[in-house]
Amino acid sequence: MADTMQFDLVSPERKLASVQAREVRLPGVEGDLTAMPGHAPVILSLRPGILTVVSAEGTADYAVTGGFAEVSGDKVTVLAERGLTKAELTAAVHAEMLAEAKKVADAAHPTVADAAAKMLADMEALGTHINL
Amino acid sequence: MPSLKDLKNRIVSVKNTRKITKAMQMVAAAKLRRAQESAEAARPYAERMNAVMSSLASAVGSTEGAPRLLAGTGSDKVHLLVVMTGERGLCGGFNANIAKLAKAKANELLAAGKTVKILTVGKKGRDALRRDLGQYYIDHIDLSEVKKLSYPVAQKIAQNILDRFDAGEYDVATIFFSTFESVISQVPTAKQVIPAQFETEAASASAVYDYEPGDQEILTALLPRAVATAIFAALLENNASFNGAQMSAMDNATRNAGDMIDRLTIEFNRSRQAAITKELIEIISGAEAL
């Protein structure tokens, strides 16, 4: 079996990455998941978090704010709502995203308040994760 | 017969117009390149989204309790037409063609006894449709302040449309925009976004996925995003079409101005020659009379 797989990270506005990866760590809504070549096909929703790609060139981190990932045996495609490379995710950008999530959480309808609050918590966790 | 001075003034004014149209053409060409690039960049996302949605839709769509965004409300009485046009004119038939298609569709639906509601994106479409179908017009989304089309812009439009759907204001939503074929050809297009339609041919090959959390949850989360993606794609197509249409319209205008300058210059030279000849005749006949 091949020891790499095609990894694509696309957001609505651009293509962030397209590499041969050895493994991809995905922040799923129900817990993190590491996809390696030959992984069973799965489609999973993502929470805001850090996505890590291990390839021959080394390890690259991306920040994603939700979206979903499609994993099949030889490829992983991530459709991120908004995707940033780690260098782009500065304190200012994070603060702005946090403020947005907070606004949504405050205005959220009771039925989706839990989801919005979780989103906010995930956003905050994302910040602490990269030491902002 | 206009005087020499009048002719001179006209030539100068047409020359100035040509300068402006030439500049607009070049600006449109530069913008078109950027618009095409961003449309290109957005394509992989839309394609993957469609592929995943169609496999999901075929897995869940037919079951009981499928989301209303996919299955529809069960009726098709009230239609929402989302008409997306440009914010500005000077682009040939671009805005008019979209408005014409929307108008034809609206009249067809009205003739079939349906209710029509119109929501416009872009100032030009609003002006055109308000004139003829003013009583069906419900809202307008203003993009004149938007410098760069980004995904959040599309999300805002999608949110507006989805809120209205949740409030039960309509059953079927169709977006109208222009597909960019080439610089000289933009095709006005209608596309139904609610209930969502996906090509199902690709579905059978990829129907073996596991879903996490569940397929229902994912579908419910993805449907609004699919609507936003469709709108985003339409906005980008529209933007490219607009700039393409403007570019060719301005190219024509520049050429016409050139022709007009040539014509006026010939006329100017003729009248100058005529005036000189007349003066000569006067001098000569004056000398002969002596």
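View 1. In strand 6 of chain B, Y211(B) is the bridge partner of I43(A). The strands here, strand 4 (residues 42–46) of chain A and strand 6 of chain B, run parallel and share 3 bridges; strands pair if DSSP finds at least two bridges between them. Helices (H or I, at least four residues) and strands (E, at least two) are DSSP runs, numbered from the N terminus. This is a predicted model: local features need pLDDT of at least 70, side-chain atom pairs count only at pLDDT 80 or more, and totals for chains, interfaces and linings use all residues. Residues count from 1 along each chain as its sequence is written, while chains are lettered from A and ligands numbered from 1 in the order written.

**View 2. Chain A meets chain B.** Chain B puts 20 residues into the contact and chain A 19 (contact: C-beta atoms, placed from the backbone, within 7 Å). On chain B's side, two or more residues each come from helix 1 (4–60), strand 6 (210–212) and helix 6 (215–289). Helix 1 of chain B gives the most, 7 residues.

**View 3. Helix 4 of chain B and its neighbours.** The buried residues of helix 4 (residues 123–133) of chain B are K124(B), G125(B), R126(B), A128(B) and L129(B) (buried: 20 or more other C-beta atoms, placed from the backbone, within 10 Å of the residue's own). They pack against strand 1 (78–84), helix 3 (94–111), strand 2 (115–121) and strand 3 (137–141) of chain B.

Methods: Two residues are in contact if their C-beta atoms, placed from the backbone, lie within 7 Å. A residue is buried if 20 or more other C-beta atoms lie within 10 Å of its own, exposed if 12 or fewer, and partly exposed in between; C-beta atoms are placed from the backbone.
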